Amino acid sequence: SGPIRLQAAAVQTDVFAGAATTLWAYQGCEGGKSCLNPTLHVSRGDTLDVTLHNTLAEETTVHWHGLMVDEANDGSGLHPVPADGERQYRFEVRNRAGLYWYHAHPHNRTGRQLQMGLAGLLLVDDDEERALRAKLGLAWGERDLPLMLADKQVDGRNAIVYRDEADDWIGNRVLANWSPEPAMTVTPGLYRFRMINVANARVLRPAFLHEGAPLPVRLIGTDGGLLDQPRIVDDLFLAPAQRADVLVDFGAVPAGARVVLRSLDYVAMENEDESGPLAPDIMADHPGAVAMGDALDLMVFDVEGIAAPPIHVPDALSSLPPPPDTAGWKAREIRLSMGADGEWLINGLNFRSHGHHPAFEVKRGSREVWDIRNNMTSMPHPIHIHGVQFRVVSRSISPPDIRARQVADSGLGPQDLGFNDTVLVWPGEIVRVAIDFSQPFSGTQRYMLHCHNLEHEDMGMMLTFAVV
Ligand code: C2O
Ligand code: CU
Ligand code: CU
């Protein structure tokens, strides 16, 4: 793939019926809706060469979420691209095959810029993935599809609404792949969905329901690519930024049936301080929105037509190694809490005051375990680490709903069994992740560690750390 030019621009679209909606998007070619936020396809080992031209009236970036890149190519707010500015990102794609994504990441403005639309998908391919695709025989764009899920708060004139300094920006409209009221006709047979939650704050709990009962779903991959073997689940938790690669068999329901992709209800645990839940004041900002944790329909699938021949799903998906034995690795505490003034903190620090100065340094080539510890009175935080893919090695003190998902030792659920770059840490939990910092870069590289609830991030629930 040759050089790509992306122009961050405000564009008029017809996303919602009736009146035009302004989106902020990455335009991948001249004019035309199909060029907004183009899905980029690369192979492991390729060089990705993207020049961003910022035509917005404020600074922005392109962050390559989940990719192992150096600081200069990470697109974090450390290197903003000013209005009218340009920046080239050029790096070798070193990650395993999987669904990654790119999005804006300027300090204090990430929530607004993603709500307005600055996000796209990046699919990485490799030999293992090609071998699996050959066995499954599901054509990309037909029976192998991305499902990019988001909620937006939209007013009566179809404008996307956002308020600075807001908390938890949830929305009253669901978009799947930028379409409202998403619906699709499927044939009775196996489909593969690359699901990603690109909402600002809403944690989803997707399940494929037929007459209210979940279809068994095979989870085959997570943020950092394929699992070693499929894991059968009824539903998943998909927090902002997380991905899940799933196989769903619509041949399991009668032709003519309707399957609903619904985010099931769950205990949102928004008990963020002793003075009570945040929910009432969040709902005032979001007329028509479903409260966090309440059931929300995302998409419908109408099953029609002739059954496709059955497909054998291999037991061995990839050569993913088992989680590492971390005995003797350096352990680091990552504490999530709220300060006296209601500001979110990581290790007692807030990015707005602490800023670009690294809160800690990690030695290149070292391996560390990080114990991410959430307060008992808190909310679930999707914690994301730039520049690496990590393994979850244990969950302790999990709430009952999470403990019930355990499928492996040490409290691990199915989604903990692969490589991940974002992990949901529930109130009271301690999630231990193992990180290998043997990066092929030299010199000091600064990265971000933050909550991917974008309002938390913008309110400073983010730290800079350095690999040296
Ligand atoms: Cu997806 Cu620091 O971000
Ligand atoms: Cu990221
Ligand atoms: Cu958070």
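In which sense do S30 and strand S31 pair, and over how many bridges? Before I answer, please keep in mind that this is a predicted model, in which local features need pLDDT of at least 70, side-chain atom pairs count only at pLDDT 80 or more, and totals for chains, interfaces and linings use all residues. Residues are numbered from 1 along each chain as its sequence is written, while chains are lettered from A and ligands numbered from 1 in the order in which they are written.

Now to the answer: S30 and strand S31 (residues 462-467) pair in the antiparallel sense over 6 bridges, where strands are DSSP runs of E, at least two residues long, numbered from the N terminus, and two strands pair if DSSP finds at least two bridges between them. Within this pairing, His-450 stands opposite Met-462 in S31. Strand S25 (residues 381-385) also pairs with S30 in the antiparallel sense, over 3 bridges, and here Ile-383 has Cys-451 of S30 as its bridge partner.

Strand S30 (residues 445-451) is largely enclosed by the rest of the structure, because 7 of its 7 residues are buried, which for a residue means that 20 or more other C-beta atoms, placed from the backbone, lie within 10 Å of its own. Gln-445, Tyr-447, Leu-449 and Cys-451 point one way from S30, whereas Arg-446, Met-448 and His-450 point the other way.

Stepping back to the whole chain, the protein is divided into domain 1 (4-125), domain 2 (135-303) and domain 3 (330-467), with bounds that come from an automatic or database domain assignment.

Definitions and conventions
Buried ≥ 20, exposed ≤ 12 C-beta atoms within 10 Å, placed from the backbone. Helix = DSSP H or I, 4+ residues; strand = E, 2+ residues; numbered from the N terminus.
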